[in-house]
Amino acid sequence: MPKKRADKRAVKRADSTLEIRDLNVSFIQGEKEANALRGISLSLKRSEVHSLVGESGSGKTVTSTCVMGLLPTPPARINAGEIILGDQDLLLLEEKDRREIRGKDIAMVFQEPARYLNPTLKVGDQITEMLILHLGMEKTEAVERALEILDLVGLKGGKRILDSYPHELSGGMKQRIMIAIAISCNPSFLIADEPTTALDVTLQLQILNLMLSLKNRLDMGILFISHDLRVVHDISDWISVIYAGRIVESASRETLFADPKHPYTKLLFESIPDADKRGKRLQTIPGKVPDAENIPGGCAFHPRCPIAEEICRTSQPETKNLGGNHTAACHFIGKQWKN
Amino acid sequence: MEKLIELKNINKVFKSHKLISVKKDDFVAVDNVSLDIKKNTVFGLVGESGCGKTTLARSVMFLDPPTSGEILFDGKDIASLSGKELKLYRSRMQIVFQDPNSALNPKMSIYRCMKEGLVNRRYPKDKIDTRIKELLDLVGISSSYVNRYPHEFSGGQKQRIVIARALSMEPEFLVLDEPVSNLDVSIQAQIINLLLDLKDEFSLTYLFISHDLNLVSYLSDEVAVMYKGQVVETAETEKIMKGPLHPYTLKLFSSAPGKNSVELFEADESYREGLPEGYTYFPPEPDSSLQLIDIGEGHSIGCYALNG
């Protein structure tokens, strides 16, 4: 009954950070075990964009789905770790309580809007569904609110858009609808998993621009997941680089781009082509990202690392704080090498 | 420098195949494009998806022959060739597609898929095996993998195999249609270095299609910007990167990530940077036709003539 739900709006949230501590997740398939996350820690503050960058297979999406509580267990198994929102550990909550938080306190935007919108429902119903379920609004009130949200995400055409089906909208519009659904309940945190990868460059910029302005307006914290260092450079406050299920380096944007410490981060930066590198060979990283099933012992990066020594093969480096919360996990931080 | 490919007024129209419909809704995918590609250079073609980049490339390869216009390959008009002659020309130009998964037959081992082309061009039978080994070595795939199937390789390796297969024809001209956009950053760099090495080794000419401006500005010698089937600006890479003029080029360039800004450039009607007298960037009539005007040193911009 709508009346019973109405008081949900009164609940005030005091949470100002979302913290992931030492998250360890495996996928079990028969005898095989793939260790997808091997101790991820990161904290996301409100009104901050924290980016998680890494290559495919490094564990970015597992992290985001785990925070959302969308990871199917089994095959996944959460071995250890905490996800703290306010004063509760989300991993200890019942599915029923988890559902209350999902979409309301923490919302998510996916890579391919076309896959996550229901093709048989009008987009208006998909937006109001959230408002009715989470905030206990009446239908008419929800429609009014939906119109306001459409305005907020820059979709002109109000009622007409609410009455259209997803296939009637372009890719950029669909992504705006996804964002509209995500922000409809004023979430404290938004997880954006490669939200612009499927879009053209000019659209990509418009969506990034929109996300930044919404972040400021609604005082949201955004966990931005991407493989594209240049996009990350444009929008982040804080950046964490993930490799084979571990965060290898984490720093503020300025620090990370000016002074990367981990060899993987350095090599990634140098391998990006741009006009300044014309005529020079691009730096490459030999080999490829290891499978989660056979992650090399010691430092997972050692087979591809130019400065690896014996110790890297045997012992996993500690995450060291280099001052100002700039952290890196490497035995030989700052060691130079010749190409 | 000598020209290898000359495109003259290429049009590609897709006709609507409705039986009863009286309405004509033909789609003009490529609209009056003229370009020259010089020998042993990289020509970059940029634009958003749907602007006709791939259609133009397929027209150049004569996979989908253009509706009208001329394609000169080494001075010879391809349209005038008979089927047999065309086959010979085809081996001189090859294409590498974006998605290696759909370019490789999943049921064929790497050996069979490499052999197919060589048998077709009557390569001496006793030399085929060594040739396949050579080609795979060239792209950095161990020849002990020759009996494996495509699914046993990673995305980057598959793209290397596709490149090796294209090279088995000993082409002079390669069309690279977004060859690295499905790959991770560190793998991207490996493939780009490989392509540049191969270009030097075999004096190849590339038509490099991409939506990634940073990448195009890194490796091409000349760039053409496409928008809605037309070329709106073309120049040497350095020139166009330093001084883009056409409003669409500026919009596209402002959208390239890595500039520390998320503002998109939008020109208003009064914008006329670099235009000669009597021209405008915006169509004065709905049916005005775009002209590509040389404003000096090979820098051309697309604009409309103002009449009267």
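**Exercise 1. Which residue of β5(A) is the bridge partner of Ile84(A)?**

Solution. The model is predicted, so local features need pLDDT of at least 70 and side-chain atom pairs count only at pLDDT 80 or more, while totals for chains, interfaces and linings use all residues. Residues are numbered from 1 along each chain as its sequence is written, and chains are lettered from A and ligands numbered from 1 in the order in which they are written.

Step 1. Strands are DSSP runs of E with at least two residues, helices are runs of H or I with at least four, and both are numbered from the N terminus. Two strands pair if DSSP finds at least two bridges between them.
Step 2. Strand β4 (residues 76-85) of chain A runs antiparallel to β5(A), and two bridges join them.
Step 3. The bridge partner of Ile84(A) in β5(A) is Asp89(A).

**Exercise 2. Determine the strand order of the open sheet in chain A and identify its edge strands.**

Solution. Step 1. Four strands form the sheet in the order β2-β1-β4-β5 (chain A), with antiparallel pairing.
Step 2. β2 and β5 (88-89) of chain A each pair on one side only and are the edge strands.

**Exercise 3. Trace the pairing of β4(B) on to β5(B).**

Solution. Step 1. Strand β1 (residues 3-14) of chain B is joined by five bridges to strand β4 (residues 68-73) of chain B, and the two run antiparallel. Here Ile5(B) stands opposite Phe73(B).
Step 2. Two bridges connect β4(B) with strand β5 (residues 76-77) of chain B, again antiparallel. Phe73(B) also stands opposite Lys76(B) in β5(B).
Step 3. The hairpin of β4(B) and β5(B) has two residues between the strands, and Asp74(B) takes a positive phi near 55° there.

**Exercise 4. Describe how the domains of chain A meet.**

Solution. Step 1. Chain A is divided into domain 1 (2-236) and domain 2 (260-328), with bounds from an automatic or database domain assignment. Their C-alpha centres lie 30 Å apart.
Step 2. Nine residues of domain 1 are in contact (C-beta atoms, placed from the backbone, within 7 Å) with seven residues of domain 2.
Step 3. On the domain 1 side, β2 (32-45) and α10 (229-235) of chain A give two or more residues; the largest share, four residues, comes from β2(A).

**Exercise 5. Which helix gives the largest share of the side of chain A that touches chain B?**

Solution. Step 1. In this interface, 33 residues of chain A are in contact with 30 residues of chain B.
Step 2. α9 (201-218) and α10 of chain A each supply at least two residues of the chain A side. The largest share, eight residues, comes from α9(A).

Notes
Contact = placed C-beta atoms within 7 Å.
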